Amino acid sequence: MGKINWGRMFLGGLLACVVVNLLGSALGPVLLREGELLRALTVARPLSLWGSKTFFLLTNLIVTFLRGSLIVWWYAALRPRFGPGPKTAALAGLAFWLTASP
């Protein structure tokens, strides 16, 4: 078994963070009515409790980066066992969903 290339995993998590945030900012206003996106993001903790919007956005970016890195780590861990490709990526996504969804 090969070792995980942590630098590439970091870059993969960063790329996942960028893609998720770009898609979220592009599709959020299209799919949700005005104000619904902010309500969906702050349902667990109201924006007034965050202190500032900047802190909220920075925290959201960090959490998105960590989630993306976890998905890439799942893929890197599964790849030696299942081989490269979409099946392994789907298994990594399923594994992330099973462990990270409430």
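**Helical architecture and residue exposure in the predicted model**

Ser69 touches Met9 and Gly13, residues up to four places away in sequence being left out, where contact denotes heavy atoms within 4.5 Å. The model is predicted, so that local features need pLDDT of at least 70 and side-chain atom pairs count only at pLDDT 80 or more, whereas totals for chains, interfaces and linings use all residues. Residues are numbered from 1 along each chain as its sequence is written, and side-chain values use heavy atoms, with hydrogens and water left out.

Ser69 lies in helix H3 (residues 53–82); helices (H or I, at least four residues) and strands (E, at least two) are DSSP runs numbered from the N terminus. Ser69 counts as buried because its relative accessibility is 9%; buried means under 20% relative accessible area, exposed over 50%, and partly exposed in between (1.4 Å probe, protein chains only).

The protein chain contains four helices and zero strands, in the order α-α-α-α from the N terminus. Of its 102 residues, 19% are buried. Among contacts with a separation of 6 or more, 53% join residues 24 or more positions apart.

The chain exposes about 7700 Å², of which carbon and sulfur atoms supply 71% (Shrake-Rupley method, 1.4 Å probe; for residues, only the protein chains shown count as cover). Leu15, in helix H1 (residues 6–31), counts as exposed because its relative accessibility is 56%.
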